[in-house]
Amino acid sequence: MLQAAPEAEEVEAAEPGGSKLQKRRSLWTWLPTGSLASRIAIINIIGLLILSGGILYFNQFRQSLIKARVDSLLVQGQIIAAAVAGSATADTSSIVIDPGKLGSETEDDTATDLGQSDFDFAIKPDRAGPVLRRLLNNTNIRGQIIDSDGNLVVDSIFLYGGNDIVQTNIAPPVPVTWRTKLAELSNSIDYLFFGSNYPIQQDYGWDNNQTRPEISAAISGATLSVVRLNSKKEITVMVAAPIQRFRAVQGVLVLSTQGGEIDSVLREERRTVYMTFGLTALVTLFLSYLLARTIARPIRRLSAAADRVRRGINHSRVEIPDFSSRRDEIGQLSGSLRHMTAALYNRIAAIEAFAADVAHELKNPLTSMRSAVETLHYAKTDDQRGKLIEIVVHDVQRMDRLISDISDASRLDAELARSEVQPIDFARLVENIVTHANDTAKEGAAKVEFAMQDAKAPLGAFMVLGHDSRLGQVLRNLIDNARSFTAPGTALNIRVRRVGDEVETRVDDHGPGIPAENIERIFERFYTDRPHQGFGGNSGLGLAISRQVVEAHKGRIWAENRTGKADASGEKPVLGARFVIRLPAMPQGWRAEG
């Protein structure tokens with residue numbers, strides 16, 4: 001049995017250190033191998049996961065949301081800082097201090113004369129607190145005021161008034177339930193996959209806050225926004241704006257969003273993506289099932305039919321399902337399997353018929369030999385024994401000829417399939433065969449005459465693709481067959497000509513012709529009708545092999561009788577037999593293409 005050549009990938013895998021094919025196969029080992037539907041569904045879901053993950057990972061909504069919040073806080077910070085500067089700061093621009101008093105009086109007396117209550121803070125907490133509270137009322141923004149020395153003066157969560165502390169905006173403790181634990185787990189997962197790399201924000205202390213970058217920048221007169229994470233790793237947007245009065249920076253206003261405000265919006269967006277992914281996944285699974293159903297069911301039917309052909313349980317032919325109406329790969333596969341199965345059955349039938357014919361043809365000489373050998377014991381004279389021995393020798397020669405021709409016919413298909421076709425100048429091949437046939441002819445054998453009907457044909461007009469040895473065998477068979485029916489002293493005529501896109505060769509003899517009822521039968525295996533040669537003089541495989549070779553070259557071969565002019569009775573006399581071979585010619589431009 002012929003085997004297909006290994007593919008390039010398999011060859012590479014067989015090389016030392018290669019194993020590319022094994023690595024490629026290992027990528028599929030984690031996929032379920034039970035059905036095609038599961039693989040299609042998993043591949044589609046993987047693509048959907050990649051798409052959804054890309055949307056979540058590369059989404060710019062978080063940055064745009066943070067930017068919008070920063071812009072809002074910048075506007076609010078500038079407004080609130082101006083309000084605090086106008087109503088809650090000391091007017092240091094109108095104060096005049098006598099330098100002489102600073103040297104002659106003590107610090108306590110100076111502080112008493114200048115009014116200590118007015119200059120303990122440049123920003124008065126008792127005035128700044130209510131202003132900040134009113135402006136931040138009904139908002140989720142936290143406001144903090146830090147003076148120019150870095151001291152925390154006012155915090156909107158804790159309002160300072162005199163010596164009293166009033167605590168506000170303290171949320172009640174949340175009871176620990178499965179919902180809160182699930183929310184914490186969800187937040188942890190969100191942070192793991194979608195967490196930010198912002199720094200953690202440390203709460204401002206009572207003093208020494210001027211070392212903070214945003215406070216230092218605001219004290220210098222710049223407005224700065226920062227994005228930080230609180231202790232729960234939630235995004236917090238902060239804006240530090242300078243509190244100025246007559247271009248003198250007297251403090252810093254810090255506005256910050258509550259932790260979780262932006263994260264909750266992002267979680268809602270991701271939840272929407274999750275829901276969309278879930279619905280899309282359901283639709284994808286359903287469509288994958290329908291797709292796999294239209295692919296897997298026909299393949300299963302084709303596979304079951306192929307198994308029935310392999311098992312060969314029934315003697316009748318197994319019919320491969322016909323999906324050729326589908327204009328896709330399944331339809332092509334169905335058509336290919338049907339053609340392959342038909343060719344297989346035809347080949348099996350041909351082999352069975354060939355085996356039966358071989359057995360029948362070999363049985364005849366064996367039977368004759370057996371009869372001659374059994375009769376040899378009863379022969380009384382040397383003449384009788386000599387005739388019996390001649391019969392045995394004749395049958396042995398016949399068997400040898402049959403076995404040789406059967407061997408040649410049996411390996412013909414394999415030889416034609418393995419060897420590569422080559423461009424052949426068929427006219428030159430015929431001329432060489434004719435020359436050799438005349439040179440090796442026996443005494444009295446008919447001479448073979450060769451002629452080209454189109455002597456002025458262009459170069460390459462008689463080029464065909466094929467196997468020169470097998471085509472030469474066909475010509476020799478036809479010449480030997482024609483000589484066997486041609487009387488000595490006459491000639492055979494072989495002509496080569498171009499007929500359209502084919503190269504035609506005619507072999508004409510001057511014999512009795514072929515009976516009309518046997519014109520097709522003469523190409524059957526083991527058929528022979530040569531009364532003048534006696535029984536067993538020919539195996540009857542020559543013309544059958546010739547047709548097999550010509551048809552393997554996509555050509556045609558047939559036989560016909562040559563007739564002359566009609567006589568008085570209207571019948572045309574038979575002048576001899578003619579065998580015609582036509583092979584497809586190569587294109588005229590084959591040399592330029594080569």
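Biologist: Which residue forms a salt bridge with Arg-497?

Modeller: Start with the general idea. Side chains of opposite charge can pair when their charged atoms come close. In this predicted model, Glu-504 is the partner of Arg-497, with the closest N and O atoms 2.7 Å apart.

Biologist: Is Glu-504 buried or exposed?

Modeller: Buried means under 20% relative accessible area. Glu-504 has 2% relative accessibility, so it counts as buried. Arg-497 is partly exposed, because its relative accessible area is 22%.

Biologist: Which residues are linked with Arg-497 and Glu-504 in a network of salt bridges?

Modeller: The network also takes in Glu-502, Arg-506, Arg-556 and Arg-582.

Biologist: How many salt bridges does the count come to?

Modeller: The count is 16. One of them joins the side chains of Arg-142 and Asp-155, at 2.6 Å from N to O. That pair links distant parts of the chain: Arg-142 sits in strand E1, Asp-155 in strand E2, and they are 13 residues apart. Asp-155 has a relative accessible area of 3%, so it is buried. Arg-142, with 23%, is partly exposed.

Biologist: How do I read a sheet? In what order do the five strands run?

Modeller: Follow the pairing from strand to strand. Here the order is E9-E11-E12-E14-E13, in an open sheet with mixed pairing. Strands E9 and E13 are the edges, as each pairs on one side only. From one strand to the next, the twist averages 20 degrees.

Biologist: In which sense do E13 and E14 pair?

Modeller: They pair in the antiparallel sense, over eight bridges. Trp-558 stands opposite Val-580 in E14. A salt bridge also joins Arg-578 and Glu-560, at 3.6 Å from N to O. Arg-578 is in E14 and Glu-560 in E13, 18 residues apart in the chain.

Biologist: Which helix packs on the sheet and touches E9, E11, E12 and E14?

Modeller: That is helix H15, residues 426–439. Its direction makes about 160 degrees with that of E9. Helix H16 lies across E9, E11, E12, E13 and E14, running at about 175 degrees to E14.

Biologist: Where is Ser-546, and which residues beyond its sequence neighbours is it in contact with?

Modeller: Ser-546 is in helix H17. Leaving aside neighbours within four places in sequence, its contacts are Val-474, Asn-477 and Ile-557. Its relative accessibility is 0%, so Ser-546 counts as buried.

Biologist: Which residues make the nonpolar surface patch of about 490 Å²?

Modeller: Val-283, Phe-286, Leu-287, Tyr-289 and Leu-290 make that patch. Val-283 lies in helix H11. With 47% relative accessibility, Val-283 counts as partly exposed.

Technical notes:
Residues are numbered from 1 along each chain as its sequence is written. This is a predicted model: local features need pLDDT of at least 70, side-chain atom pairs count only at pLDDT 80 or more; totals for chains, interfaces and linings use all residues. Side-chain values use heavy atoms; hydrogens and water are left out. Patches are made of residues with over 30% relative accessible area and no salt bridge: like charges are joined within 9 Å, nonpolar side chains (Val, Leu, Ile, Met, Phe, Trp, Tyr) within 5 Å. Accessible areas come from the Shrake-Rupley method with a 1.4 Å probe; for residues, only the protein chains shown count as cover. A salt bridge is a side-chain nitrogen of Lys or Arg within 4 Å of a carboxyl oxygen of Asp or Glu. Helices (H or I, at least four residues) and strands (E, at least two) are DSSP runs, numbered from the N terminus. Buried means under 20% relative accessible area, exposed over 50%, partly exposed in between (1.4 Å probe, protein chains only). Two strands pair if DSSP finds at least two bridges between them. Axes are lines fitted to C-alpha atoms, for helices over the stretch in contact, and angles run from 0 to 180 degrees between N-to-C directions. Contact means heavy atoms within 4.5 Å.
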